[in-house]
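Colleague: I am new to reading structures. Could you walk me through a few features?
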Amino acid sequence: QVRLVESGGGSVQAGGSLRLSCAASGGSYTYNCMGWLRQAPRHEREGVAGIYILDGSTSFADSVKGRFAISQDNANGTVYLQMNSLKPEDTAMYYCAAFLPKGRFCDVSSIPRGPGVWGRGTQVTVSA
């Protein structure tokens, strides 16, 4: 069974940066995409970033494009989300996800619908 554990959340002022980490264990390569989704109060879940673990290609939601980066350390089974130029609207619970690709593309919009596996989440709070 795939297990995902997030870390690195916290509070930061607008314009600041945070890096989230996701440690995967238990056969995550059943799903060839790893990524992140978020959910803010009174908002729908939003897939924000994905990485195709076989070749490292990445994809992002328009809302974070140019500000967030996703990377992987296959040796340690870890995926990172580097978040720069944070805005108050980025405030949310962030969940690591393992999910299926469409061909060789990780469609981040598919993360909330599944199928896939999520971690328990880490809170990110951005103050104005």
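This is a predicted model: local features need pLDDT of at least 70, side-chain atom pairs count only at pLDDT 80 or more; totals for chains, interfaces and linings use all residues.

Colleague: How many aromatic pairs does the structure hold?

Modeller: Rings of Phe, Tyr and Trp (its six-membered ring) pair if their centres lie within 6.5 Å; planes under 30 degrees apart are stacked, over 60 edge-to-face, the rest tilted. The structure holds one such pair. The ring centres of Tyr-95 and Trp-118 are 5.9 Å apart and their planes meet at 40 degrees, so the pair is tilted. Tyr-95 sits in strand β9 (residues 92-99) and Trp-118 in strand β10 (residues 116-118), 23 residues apart. Strands are DSSP runs (E, at least two residues), numbered from the N terminus.

Colleague: Is Tyr-95 buried or exposed?

Modeller: Buried means under 20% relative accessible area, exposed over 50%, partly exposed in between (1.4 Å probe, protein chains only). Tyr-95 is buried, at 17%. Trp-118 has 30%, so Trp-118 counts as partly exposed.

Colleague: In what order do the four strands of the open sheet run?

Modeller: Two strands pair if DSSP finds at least two bridges between them. Here the order is β1-β3-β8-β7, with antiparallel pairing. β1 (3-7) and β7 (68-73) each have a single partner strand, so one side of each lacks a neighbour in the sheet. Six bridges join β7 to β8 (residues 78-83). Asp-73 stands opposite Thr-78 in β8.

Note on methods: Residues are numbered from 1 along each chain as its sequence is written. Side-chain values use heavy atoms; hydrogens and water are left out.
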